[in-house]
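Hello,

Here is the model I promised to pass on.

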Amino acid sequence: GLWSACPSPMAVASLGEGAHTVTVRGTDRAGNIGAQQFSWTIDRTAPRVTFTPHETIVNDTTLPVVYSTSETTTQECRVDNGDWAACTTSVAATTMGEGQHTLFVRATDRAGNQTTNSTTWSVDLTPPVLAWNAKPTAVATSSSATFSVSATEDNLAYWCNLDGAGWRGCDSPVTFTGIADGAHSILMRAFDAAGNRSSSIGYSWTIDATAP
């Protein structure tokens, strides 16, 4: 800016964010000139806290949550209704019981601007339980067989193993066709969204499609 007469102290208004410098020049009666500079930065913008994407349903009591801040900050964290404590950009939320949990991160920049952000996930340690809902009779005449199960949870991923041929993804209900006469068996199990695996349930039956 231009030089102008100024008092001491001097107030400057309406400065925008960013770096600024003031230079004060003084001249005594003999014409000697002395000058002094001072620089500072105005920051009125709160920092941003961004969480790295993570699983929203887990079957572990420990969930490492990684986050970043948009500028240099000091951070404090708390889980659920716990106490605030200093933290870094990776927080391990340990010994979490089943249910929903929230991690809060509070970041403060060097100018004192502060922001708080949070991320939520659920802990599910309980595997689903399956029960047969539909299956063929113990001795059936059809070369097709339909199986369905009821479960204690929704949105499960089902797997089937027919006659020990190996596990493969399937639905419930699932229909198998072209099965030969003789004894057969099936195993079914399921995984929930957290990755908990149910116990396998099995069933054996015999197909006899041949008339005497």
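Val-91 counts as buried because its relative accessibility is 12% (buried means under 20% relative accessible area, exposed over 50%, partly exposed in between, with a 1.4 Å probe and protein chains only). This is a predicted model, in which local features need pLDDT of at least 70 and side-chain atom pairs count only at pLDDT 80 or more, while totals for chains, interfaces and linings use all residues. Residues are numbered from 1 along each chain as its sequence is written, and side-chain values use heavy atoms, with hydrogens and water left out.

Back to Val-91, which lies in strand β8 (residues 90-93). Strands here are DSSP runs of E with at least two residues, and helices are runs of H or I with at least four, numbered from the N terminus. Leaving aside neighbours within four places in sequence, Val-91 is in contact (heavy atoms within 4.5 Å) with Leu-63, Pro-64, Val-65, Tyr-67, Cys-77 and Leu-103. Thr-23, on the other hand, is 68 residues from Val-91 in sequence and 45 Å away in space, C-alpha to C-alpha.

The protein chain has 18 strands and zero helices. Its C-alpha atoms fill a box of roughly 130 × 35 × 25 Å along the principal axes. The radius of gyration, taken over C-alpha atoms, is 34 Å, whereas a compact globule of 212 residues would have one near 17 Å (the globule rule is 2.2 Å times the number of residues to the power 0.38). Buried residues make up 28% of the 212.

Strand β1 (residues 18-27) runs antiparallel to β2 and is joined to it by 10 bridges; two strands pair if DSSP finds at least two bridges between them. Gly-18 stands opposite Ile-42 in β2. Five residues lie between the strands of this hairpin, where Gly-31 takes a positive phi near 90 degrees. Strand β2 (residues 33-42) is hardly covered, with one buried residue among its 10.

Further along, five strands form an open sheet with mixed pairing, in the order β12-β18-β17-β14-β15. Its edge strands, β12 (139-140) and β15 (168-170), each pair on one side only. Strand β14 (residues 157-162) pairs with β15 in the antiparallel sense over three bridges, and Tyr-158 stands opposite Cys-170 in β15.

Best wishes
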